[in-house]
Amino acid sequence: MPEERRLTITSSSHLTPDDVARHTFASVRRGFDPAEVRDYLESLAHGLRALTEREQELLAALAEAEE
């Protein structure tokens, strides 16, 4: 009987939907601080890029394992 092997790959990104939902921005006279919003959106974009790259790696590993 062949030994069962598991491919375990973890991602260093700790971005969760709850983090996004709970994030708050400082209020300024006419709304949110634009620089703070921009910084947060850039961090989200970075996290999403990392997740997309991770997904591609996992799909490639899966395809290789299935061959």
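How many helices and strands does the chain have? In this predicted model, the chain has two helices and two strands. Read from the N terminus, the order of these elements is α-β-β-α. Helix 1 covers residues 17–22, and helix 2 covers residues 34–66.

The accessible surface of the chain amounts to about 6300 Å². Carbon and sulfur atoms account for 54% of this surface. Of the 67 residues in the chain, 7% count as buried.

Two salt bridges are found in the structure. One of them links Arg22 with Asp19, and the closest N and O atoms of this pair are 3.8 Å apart. Both residues belong to helix 1, where a spacing of three residues corresponds to about one turn of the helix. Arg22 has a relative accessible area of 58% and is exposed. Asp19, with a relative accessible area of 32%, is partly exposed.

Another salt bridge joins Glu57 to Arg54, with 2.6 Å between the closest N and O atoms. These two residues lie in helix 2; because Glu57 and Arg54 are three residues apart there, about one helical turn separates them. Glu57 is partly exposed, its relative accessible area being 42%. Arg54 has a relative accessibility of 14% and therefore counts as buried, since the cut-off for a buried residue is under 20%.

Definitions and conventions:
Residues are numbered from 1 along each chain as its sequence is written. This is a predicted model: local features need pLDDT of at least 70, side-chain atom pairs count only at pLDDT 80 or more; totals for chains, interfaces and linings use all residues. Side-chain values use heavy atoms; hydrogens and water are left out. A salt bridge is a side-chain nitrogen of Lys or Arg within 4 Å of a carboxyl oxygen of Asp or Glu. Helices (H or I, at least four residues) and strands (E, at least two) are DSSP runs, numbered from the N terminus. Buried means under 20% relative accessible area, exposed over 50%, partly exposed in between (1.4 Å probe, protein chains only). Accessible areas come from the Shrake-Rupley method with a 1.4 Å probe; for residues, only the protein chains shown count as cover.
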